[in-house]
Amino acid sequence: MDALMLARVQFAMTAMFHFIFVPLTLGLSVLVAIMETMYVKTGNETYLRMTKFWGKLFLINFAIGVVTGITMEFQFGMNWAEYSKYVGDIFGAPLAIEATMAFFLESVFLGVWIFGWKKISKKAHAFAIWMVAIGSNLSALWILIANAWMQHPVGYVIRNNRAELVDFAEVIFSPYAWLKFFHTVMGGYIVGAFFVMGVAAYHILRKNQLDFFKKSFKIAAIFGLIMSLGIAIIGDFHAKEVAKTQPSKMAAMESLWETQKSAPIYMFAWPDAENERNTFEFLSIPGFLSYLAHGDFNAEVTGLKDIPKDERPPVLPTFLSFRVMVFLGVIFIVLSLLGFIYAKKDTLENKEWFLRLILYTIPLPFIAAQVGWIVAEIGRQPWIVYGVMKTSDAVSQSVTSGQVWMSLIGFLIFYGILAIVDLSLLAKFSRKGPEPEKTA
């Protein structure tokens with residue numbers, strides 16, 4: 001592999017590994033804040049124990065996530081110098097704000113939350129964890145604003161052979177950015193909800209501290225149901241924005257080759273990019289792709305054949321990833337709805353099949369988050385900044401394949417160690433459960 005391909009592999013590997021921790025951090029931060037708020041409101045000590053137990057798992061995940069995120073930014077200078085020179089003035093601004101405002105807010109109040117037990121009032125302590133949750137979401141917002149600019153560049157001009165920012169407000173308030181933000185963070189909330197439900201299910205199956213874990217399960221099920229429904233709605237709006245701004249990605253998501261009105265969606269199909277067709281396609285829903293893309297069953301949708309071959313994204317991974325993401329989204333709605341019903345009726349203990357199912361579905365929201373990013377990033381290719389700069393033009397000119405190989409191997413070893421540490425700690429403390437309830 002040449003330096004370009006190795007640099008792409010390296011960034012994909014580090015980004016996907018980092019994004020194992022980000023969604024769980026987003027989800028657990030809000031859930032822990034909800035639990036502590038319920039403790040302040042009710043005075044029920046069970047909610048305090050829930051806050052401390054789930055908060056410990058949040059802290060483990062947060063610490064590893066910070067470390068994995070730092071290494072990603074080095075690659076912009078190491079492997080993607082041409083990209084940094086060409087669009088650095090625009091791309092760097094949101095990242096700088098994320099570090100100086102959002103991460104600072106998050107880390108300061110996290111310190112207050114960790115060391116503030118019994119030193120500040122209950123309300124002040126709960127306020128601290130809400131600031132941590134808000135800071136986490138603000139970090140996601142600024143990073144996603146930067147990424148959204150790569151997907152749909154706005155507020156810039158090409159001057160002196162580089163992109164220069166002329167309207168920062170247009171970058172911040174881009175509809176693409178906000179739809180991407182809500183889509184991504186809701187996915188993180190679902191990860192957190194299913195993680196809590198899965199760990200709670202493990203303990204309910206073993207009849208361990210039932211009141212504690214049934215309460216945890218119910219909160220997570222409600223949260224997961226709301227977010228699973230919400231992400232379906234946001235996803236619909238996001239699809240329409242993608243169709244408007246990135247027609248090549250939309251065509252690849254549904255493997256549509258011919259431009260047509262009343263474009264159907266096929267429930268089963270298999271792309272054949274070499275012959276510019278689908279090997280098979282059946283069970284169509286007439287006009288549904290037109291509606292998904294433009295809100296009109298009769299609207300025209302651009303096909304891949306009307307896009308130059310050198311500007312088409314890889315169709316098969318984009319198509320399959322989108323299918324997996326949508327399928328898992330439906331599964332999350334069904335499972336969280338069942339979880340809410342069983343928790344509300346207090347019949348969870350009697351639903352061993354369901355508890356085992358929930359336990360084994362812990363990885364599914366992580367998979368959904370990963371394939372969602374595959375759709376976003378592979379679907380944007382061959383552009384690193386859509387319509388402005390191709391990925392092949394963004395790699396550092398002086399870097400060699402040997403140098404990238406060295407850093408790639410180093411990252412693999414480093415990240416492998418972190419993965420072992422993180423999974424070991426999460427598994428250890430999840431199985432251990434909270435400290436036993438104190439008795440008078």
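Which residues do ring pairs link into a cluster? They are F17, F21, F411, F414 and Y415.

## About the model

This is a predicted model, where local features need pLDDT of at least 70, side-chain atom pairs count only at pLDDT 80 or more, and totals for chains, interfaces and linings use all residues. Residues are numbered from 1 along each chain as its sequence is written, and side-chain values use heavy atoms, with hydrogens and water left out.

## Rings meeting rings

The structure has 30 aromatic pairs. Rings of Phe, Tyr and Trp (its six-membered ring) pair if their centres lie within 6.5 Å; planes under 30 degrees apart are stacked, over 60 edge-to-face, and the rest tilted.

Take F53 and W54: they pair edge-to-face, 4.8 Å centre to centre with 70 degrees between the planes. W353 and F354 have ring centres 5.7 Å apart and planes at 75 degrees, so this pair is edge-to-face too. F354 has 0% relative accessibility, so it counts as buried (under 20% relative accessible area; exposed is over 50%, partly exposed in between, with a 1.4 Å probe and protein chains only). F53, at 6%, counts as buried, and so does W54, at 0%.

## Charges over rings

R206 lies over the face of Y202, 3.8 Å from the ring centre. Over the ring of W383 sits the charged end of K390, 5.4 Å from the centre. For this, NZ of Lys or CZ of Arg must be within 6 Å of the ring centre and within 35 degrees of the ring normal.
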